[in-house]
Amino acid sequence: MSRKVFLPGCALPSYNPMNVEAVIKHLKNIYPDLSVVQKCCGKPTQAVGQAAKFEERFAGLVEDIKSCEAEEAIVACQSCMKTLAKGKGYKTTSLWELLPQIGLPKELVGKAKGSDVVFSVHDSCSVRDYTGIHDGIRWIVNELGYKQVDPEGRAREKARCCGFGGMVVPANPDVALRVMKRRVDDFPTEHIVVYCAACRQSFIKAGGKAWHILDLVFGDVVHANTPPPEDTLSKPLKAWRNRYRSKQLIKSAMR
Amino acid sequence: MAYDNSVLDKAREIAQDCQGGHLSFCSARCPMHTDAMGYVNLIGENKVTEALLKIREVVFLPGTLGRICAHPCEDKCRRNTEYGQPISIAALKRYAADKADDEKLWNTSKKPATGKKAAVIGCGPAGAQAAIDLAKEGHDVTIYEKLNVVGGMMRVGIPEYRLPRNVIDFEYTYLGKLGIQFKMGVEVGKDISFDELVKNYDVVIVANGAHKGFVPPIKGSESEGITNAADFLRAVSLDNKSVKVGNNVIVVGGGDVAMDCARSALRVGATNVTVVSLEKKDEMPASDHEQHGALEEGITFHCGWGGDEILNADGRVNGVRFKECTSVFDADGRFSPAYGENKLELECDTLIFATGQVVEDATDGTLQRGGGGRYSVDKQTLETAIDKVFAAGDCAGGTIVIEAMALGRKAAISANRFLAGQDLKADRDFKMEFHFESTLDIPLPEDAQDLPRKYTNALDPKERIKSFVECDLGFDGDVAEEEGQRCLKCECKKCMTECIMLNDFTQYPGEMFEKFLKDGDIEPLVAYSCNMCDQCTIVCPEEFKFAELFGAIRREMVKANNGESPMPGHKAIKMHQRLGFSKFFTVVAKGGKK
Ligand SMILES: Cc1cc2nc3c(=O)[nH]c(=O)nc-3n(C[C@H](O)[C@H](O)[C@H](O)COP(=O)(O)OP(=O)(O)OC[C@H]3O[C@@H](n4cnc5c(N)ncnc54)[C@H](O)[C@@H]3O)c2cc1C
Ligand code: SF4
Ligand code: SF4
């Protein structure tokens with residue numbers, strides 16, 4: 001079995017460090033020699049147009065992966081998925097494709113059978129071509145026992161952007177908000193499940209009720225009247241505190 | 001800002017190939033480019049006044065055209081080419097006019113007076129359109145019209161049961177509101193000489209139509225009781241009570257004019273009306289709609305026969321012998337009928353030839369003329385051999401009302417350039433001055449279905465042949481709305497339905513990048529409002545990758561801005577990214593090495 005490194009990305013640690021810790025614990029049970037790298041892939045720099053700076057930063061991350069002697073990078077962020085695919089010397093796998101292969105922690109399977117919630121699934125627009133990821137997410141939701149539905153004509157390879165992409169939020173917040181609201185309107189049910197923390201932030205901003213897939217896996221069972229988790233990503237202080245906390249949790253989980 | 005060639009090349013490709021500005025099939029086929037898609041859809045949304053205003057942006061005769069336009073747009077309508085069931089575009093136009101037209105809505109604005117004088121010969125659609133366009137440019141326009149009524153062939157050719165005269169009169173009041181002067185009952189060449197007009201005006205538009213009918217020189221054609229379509233229909237139009245026909249009428253001809261003659265003959269007292277055409281039934285040029293109307297009214301057809309001899313008694317026609325026509329056109333497509341041995345004899349007491357009309361000279365021989373008596377003109381500009389004289393409409397090559405209007409507009413554009421001392425051809429978009437084949441190449445909408453065309457209500461044939469009252473009753477409101485909703489909305493702009501931000505900056509990307517190339521730059525906010533989500537690319541038939549292009553533009557903007565984003569909001573990202581890579585928030589935890 002090839003050696004693996006897990007990369008939680010940026011948004012997930014800033015949103016919910018416990019989820020990061022829980023994933024690592026689960027992965028380590030199966031891959032005892034797992035490594036973990038928490039670092040940005042540089043995508044924002046690239047999106048802004050700072051080509052040289054991006055190259056430099058991304059090269060640093062590839063170095064980190066290599067230093068772990070890993071042959072496979074497992075990523076929880078769809079931007080990382082695409083950015084890392086550009087690097088050489090390792091293979092990139094999405095966590096969402098991996099989980100159906102290795103299974104969820106046994107005690108969590110079927111935990112939400114009694115929930116009255118029907119989740120609308122939001123696919124990240126950056127991975128429209130990754131059918132395996134779409135299937136994986138639906139598999140997870142189902143494995144947990146939740147009911148789910150796709151926004152008709154706007155799922156999978158036809159998914160619409162959540163409004164966060166391209167660094168538009170700081171540049172043109174008005175446009176970004178309109179895109180966010182439109183995406184929320186696509187969903188046939190009130191409850192939305194996403195697999196990117198930034199997408200979740202977008203939908204909360206637009207007045208939607210959204211959960212990260214890992215909230216469903218590791219958090220309490222969601223019922224119709226359960227409020228969505230708070231929007232920590234919109235609170236910079238909390239977000240950075242979380243990111244730091246995540247770093248600490250990674251360290252202790254890896255000990 | 002100077003951009004890299006790779007960016008400029010991409011922008012050029014988009015400016016050139018983007019289909020966003022391509023006209024719909026219907027609108028491209030309309031010589032005036034009426035926005036059929038636009039008004040059809042507004043009617044579908046029950047926004048009838050908006051629809052009427054959209055029509056009136058282009059044509060001043062919505063009620064008239066809605067009734068009698070030959071509607072070439074419907075041939076090219078995608079619902080016709082895909083399913084053989086075109087949108088009833090013309091009938092919807094009439095619906096909008098009948099329901100919502102109101103002179104208070106008319107745009108009578110004009111440019112400041114230029115002091116230049118224009119004379120227009122003829123008050124048909126070509127002359128009227130030229131007069132309108134010149135008046136709007138601020139020129140002083142006078143129309144010289146031989147008859148005492150307005151409308152040209154629409155008035156004295158097209159019968160009243162298809163086009164009530166009050167509709168024409170009402171719509172022509174628009175010209176008066178623009179300050180256009182009328183000299184009615186003045187025939188140029190008789191009551192005033194053409195030279196005089198040329199001398200007294202800065203420009204002259206000749207639009208006297210084709211009003212001379214003829215009787216082919218076959219044996220017996222000098223008999224009494226024979227007439228031609230132009231004379232017959234003019235007489236019927238000006239005073240139908242004064243027109244006398246026999247019980248048995250034969251109309252020779254296979255076009256819509258023949259149908260008009262036949263159906264009018266019924267209404268002025270004939271009991272048996274027979275149409276005899278050279279063409280076989282399925283080759284007859286008359287529209288299906290008119291043939292159908294004639295059949296319903298009990299008119300008989302004999303198709304595939306040519307006149308051999310007119311039979312007479314005491315100098316009066318009493319029948320016609322026809323010979324079988326085996327083919328109308330020769331191998332090269334030229335009109336050259338060939339005949340067989342078979343003969344057919346039919347009795348009649350009135351014989352009408354609807355075999356074409358030619359142009360009568362209104363210029364006292366000043367202008368050169370060619371086939372059909374039409375004036376020799378430069379097809380692009382409609383200029384004649386005399387500098388200040390332009391010709392338009394049927395006398396310059398048109399065949400239907402909407403073409404006459406487009407030619408009237410073309411002549412006005414040329415005349416206006418001439419008056420301004422400009423070159424007649426430089427930087428002129430000739431393509432837009434007449435119909436063309438739409439270059440739209442887009443897939444059918446995913447949910448498109450073959451839905452049946454809706455038809456208007458018509459008067460009972462038994463009732464309607466008793467008078468000249470209008471046959472077609474038009475659409476009921478709910479039917480019109482449904483018909484409007486059948487439109488397939490043939491435009492590209494697919495990206496515009498997917499991308500929110502593009503709509504804030506442009507009508508379609510082709511326009512945006514044309515401007516970019518012209519200005520040499522683009523607002524940073526545009527490039528930085530792209531979510532890089534590729535939604536545009538998914539739907540674009542050209543698969544343009546705007547995320548990539550905006551990304552490339554951003555990189556150039558950063559380069560030109562000392563490595564920083566030009567967007568003030570991105571200052572925070574800089575900090576964010578610095579932290580995202582800092583030791584404090586990152587960790588590399590190597591496994592399996594304890
Ligand atoms: C019977 C018939 C039916 C038709 N039906 C249709 C139809 O359903 N749909 C359609 O789109 N087209 C139809 N057409 C064709 C259409 O009518 C013509 O293409 C159109 O009217 C041409 O417009 P115009 O302005 O060039 O000429 P016209 O409409 O012919 O107008 C010319 C005007 O000039 C005037 N004039 C002529 N000589 C002089 C002079 N010396 N001095 C002053 N004034 C003069 C005439 O009196 C007339 O008013 C039909 C034609 C005919 C004959
Ligand atoms: S989708 Fe947009 S960019 Fe593509 S051809 Fe159509 S209008 Fe142009
Ligand atoms: S379907 Fe509508 S837009 Fe398309 S050609 Fe017909 S009328 Fe025009």
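In this predicted model, helix α9 (residues 173-186) of chain A packs against helix α10 (residues 197-205) of chain A at an angle of about 90 degrees, and their axes are 8 Å apart. Because angles of 65 to 115 degrees count as roughly perpendicular, α9(A) and α10(A) are described as roughly perpendicular to each other.

**Helix pairs**

- In chain B, helix α3 (residues 36-44) and helix α4 (residues 48-56) pack at an angle of about 170 degrees, with their axes 8 Å apart.
- Because angles over 145 degrees count as roughly antiparallel, α3(B) is roughly antiparallel to α4(B).
- From α3(B), the residues B:Gly38, B:Tyr39, B:Leu42 and B:Ile43 take part, and they meet B:Val48, B:Glu50, B:Ala51, B:Lys54 and B:Ile55 in α4(B).
- The contact of α3(B) with α4(B) is made up of 6 nonpolar, 1 polar and 2 charged residues.

**Domains of chain B**

- Chain B is divided into domain 1 (23-105 + 442-485), domain 2 (117-211 + 359-415), domain 3 (217-353) and domain 4 (494-581).
- The centres of domain 1 and domain 2 of chain B, taken over C-alpha atoms, are separated by 27 Å.
- To the contact of these two domains, domain 1 of chain B brings 19 residues and domain 2 of chain B brings 20 residues.
- Helix α5 (residues 62-68) of chain B gives the most to the side of domain 1 that touches domain 2, with 5 residues.
- That side of domain 1 of chain B holds 13 nonpolar, 2 polar and 4 charged residues.

**Where chain A and chain B meet**

- Between the two chains, 36 residues of chain B are in contact with 43 residues of chain A.
- Within chain B, the elements α20 (500-505), α24 (546-559), α25 (571-581) and β18 (587-589) each supply at least two residues of the side that touches chain A, and α25(B) gives the most, with 6 residues.
- The side of chain B that touches chain A has 19 nonpolar, 13 polar and 4 charged residues.
- Strand β2 (residues 35-38) of chain A pairs with β18(B) in the antiparallel sense over 3 bridges, and A:Gln38 stands opposite B:Val587 in β18(B).

**Surroundings of the ligands**

- Around ligand 1 there are 42 residues, of which B:Gly122, B:Gly124, B:Gly152, B:Gly209 and B:Gly393 come nearest.
- Several elements of chain B each supply at least two residues of the shell around ligand 1, among them α9 (125-136), β2 (140-145) and α16 (401-419).
- The shell around ligand 1 divides into 23 nonpolar, 13 polar and 6 charged residues.
- Around ligand 2 there are 15 residues, and those that come nearest are B:Cys18, B:Gly20, B:Cys492, B:Cys495 and B:Cys540.
- In chain B, α19 (494-498) and α21 (509-519) are the elements that give two or more residues to the shell around ligand 2.
- By class, the shell around ligand 2 consists of 9 nonpolar, 3 polar and 3 charged residues.

Definitions and conventions. Residues are numbered from 1 along each chain as its sequence is written. Chains are lettered from A and ligands numbered from 1 in the order in which they are written. This is a predicted model: local features need pLDDT of at least 70, side-chain atom pairs count only at pLDDT 80 or more; totals for chains, interfaces and linings use all residues. A residue is near a molecule or strand if its C-beta atom, placed from the backbone, lies within 6 Å of it. Helices (H or I, at least four residues) and strands (E, at least two) are DSSP runs, numbered from the N terminus. Ala, Val, Leu, Ile, Met, Phe, Trp, Tyr, Cys and Pro count as nonpolar, Asp, Glu, Lys and Arg as charged, and the others, Gly among them, as polar. Two residues are in contact if their C-beta atoms, placed from the backbone, lie within 7 Å. Two strands pair if DSSP finds at least two bridges between them. Axes are lines fitted to C-alpha atoms, for helices over the stretch in contact, and angles run from 0 to 180 degrees between N-to-C directions. Angles under 35 degrees count as roughly parallel, over 145 as roughly antiparallel, 65 to 115 as roughly perpendicular and the rest as oblique. Domain bounds come from an automatic or database domain assignment.
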